[in-house]
Structure formats: structure tokens, C-alpha cells
Amino acid sequence: MEKRLVYLDNNATTKVDEKVLEKMLPFFSEKYGNPSSMHDFGGKVSKDLAVAREQVADLLGAKNPYEVTFTGCGTESANIAIKGALEINKNKKHIITTKVEHPCVQNTYKWLEKRGYNVTYLDVNARGELMLEELKEAINVDTALVSIMWANNETGVIFPIEKAAKIVKEKNEKTLFFVDAVQAAGKIPMDVSSCPIDLLGISGHKFHAPKGIGALYVKKGILLPPLILGGHQEKGLRPGTENVAGIIGIGEAAKLAKDFLSDELIRVKTLRDEFEKGILKKVFNAKVYSANAPRVSNTTNISFEYIEGELMLLHFADAGICASSGSACTSGSLEPSHVLKAMGIPFTSLHGSIRFSLSRFTTKEDIEYALEVIPPIIEKINGYSPYQKELRELKELRNF
């Protein structure tokens, strides 16, 4: 089979949609005005930003577009939300989050622990699901903030955010609730207006907008302090001259993501499921994690037991297949995934875990190619494994 590029690392970043790029290009040339200027040339750009704000608000289900603040990325959105929430509840020193959050959130809480905050890290079960009873028991009068991701970046598991938000507010209405929705935006229906979410962050490059642009939903009535000081832009919460082209891009990408949502839920899920079934049928030491948990439709985490993930990724790359060993922010590390460790995955599988993530640009031909080239690669690497006895026993156990 002729070599081709098959990009299955869309949770790391996505291709900029050509329609998004087309919308952005004029703002590098003929529409280059500063939206803060008093003249009409800049004022027209301000109107374009307002449209983009409406498009992002519509994707999130926010009724008021001005609840959307544009940021540089999901990491910035998370930092503004977390540190701002703690400034609002400055007399409270307890935070609740999960053991499987993205590094941009998890590392922020580790930093806060060194500054006197008490952080409760909630467990997940073997399928990667959040246990709501543990959340309910953890909330107390000193809880300033609860922070839970909507969809996990490594397993794709969807957390019951609506139920979690209600629990938070029922236990302590003054506790603020922040949601990292970076891997959920554009993949599942969202309606923040009907759910007691206070703060929610997204990142454009996860749904076919360019890198360098994100957004933060701040519920009306919540007055966050800015992370940096400057001018009046973005209501003073995120000052600095706006990344106009990026904002236009995330707006158009949000519009397209909502239009393609049914495709994401049906066609992409069908391709993902076909890929999983094909791998399990052809590779005896493959195992799909979180298969029976609610997941976003584009993500699968497959462990190839008794072999090294880094070696697989190198061979996959040689064959034109792009995948990841976990979060793009940590995949360069030799440490096993903190997400899979939290799920209790055994050591023999931890280092052989690969995340494959599809997008609306993934084709049936891409999946067919991947299913053609991956099994012989795994068979070849199995031959290098020092666990030959264990592999033989596993092959017999699974009737291969």
C-alpha cells in the first residue's frame, strides 16, 4: 500500500478549516484597522469582532455574547478563571478538582498548593469516569472553587458537568464552578445558559481555528479581576490589542463546529468505532480504555500491552500515521500518563498507551490505511519485547 499521511492527533491540534482561513485573510490586509480606534475604518472591524463573539456564544449556548472574553489559548483561559475565582473568594482556601485534569489546570493547582491552598483531587473509576458522590462529600464552607474538565483529553471520557454543577451549587452556592471545555467544544452539544456553570474555557485550535486564540465564558454578574493590567479591551479582563484575525477565525470555526455537530456525533464516531474494532480484531495485545464510558466521538485510547509507546509512535510516523502517547503538553515526557495511572491501569499497559483522535476531515480511506499498516508494525515491535512469555500467554488467552 502506498504511503500516505494520516493525521490521528486532532486532540493535540487540528487543521485550520479552509473556510476559516478565508474569513481571516482580509484582516491581515484590507481590514487591518484597530477595533479600538474612533474612525470608521477601525469601527467596522469592531463590528466584525462582535459577530465572532456571537458565534462563539452560540456554540457554548450563552445567551449573552458579552459573557465571552477572547484570550490567547485554553491555558490562559484557565489561569484567568482559576486565579480570578480565588481572588473573588479570597477568604476561602479549599479547591476541588480531579486527578485527570489537563496539565495547564493541574499544574496551576500544584502551584497554588505551595501558596497555602488545600486542594482535593477527586478519583476516577477504572473506566475514567468521575464519581459524583465523592464530589458531594468534598464540598465544604471553605470551598472557593470546583474545577472539572468536560471531556478528558486522553481518553475522551465525558464528565457529567450538568449534574456536577448542580451538586456544587446545592452544597455551597458561593462556590464558583470552572469547566475546562477545551476537548468538548464542537464535539458535544453545550448549553451553559441552562447549567450553573460560572466559568468555562475553550481553545480554538482544537476545533479548526488557528493556534493562539481561545475564549473564556464568564457568567453575567461575576466580576473577575484581570490576570494582566492594561487597557479597556475585552472589558478590561484581557487587555491588549485584540488578535483580530484569530478572533474572526475562532468565530467562524465555532459556527462551522455547530453546523458539523451531527457529523461529529455520527460519521466520526462510526469511523472511530471501525478503527477500534479493526485493531482489536487484528492485534492480540490491544485493549481499548474507557470503551464503555460516555466519550466524545473522535477519541480512542488504545494500549498495546508489553511494548513501549514511544517506539510505536516512531514506527507509526515512518508509515505516515500521526498519533500521540497522551496530552500534547506532556507527550515528550517518559513518565506514564497521569490519567491512566489514576484509572489504575497496570504498569504493563501504561507505557504502551496510544491516543488516536479523529476530526471531521478524517476519511474512511484514512482509517483503512491505518488498519492496514498498524497491525504489522505492532507485530514487529512485539518481537523486540522482553516480555515474550507474557505475550505468548496473552495471545493464547485471547484465542489469536
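Domain bounds here come from an automatic or database domain assignment. For this protein, that assignment gives domain 1 (6–14 + 262–397) and domain 2 (18–257). What you're looking at is a predicted model, where local features need pLDDT of at least 70, side-chain atom pairs count only at pLDDT 80 or more, and totals for chains, interfaces and linings use all residues. Residues are numbered from 1 along each chain as its sequence is written, and side-chain values use heavy atoms, with hydrogens and water left out.

Six of its six residues are buried, so β10 is largely enclosed by the rest of the structure. Buried means under 20% relative accessible area, with a 1.4 Å probe and protein chains only. In a regular strand the side chains alternate between the two faces of the sheet. Both faces of β10 are covered: T299, N301 and S303 are buried on one side, and T300, I302 and F304 on the other.

Now for the partners; two strands pair if DSSP finds at least two bridges between them. Strand β9 (residues 286–289) pairs with β10 in the antiparallel sense over four bridges, and V288 stands opposite I302. Strand β12 (residues 353–357) also pairs with β10 in the antiparallel sense, over five bridges. There, I302 stands opposite I354.

On to the two domains, whose C-alpha centres lie 29 Å apart. Their contact (heavy atoms within 4.5 Å) takes 29 residues from domain 1 and 32 residues from domain 2.

Methods:
Buried means under 20% relative accessible area, exposed over 50%, partly exposed in between (1.4 Å probe, protein chains only). Helices (H or I, at least four residues) and strands (E, at least two) are DSSP runs, numbered from the N terminus.
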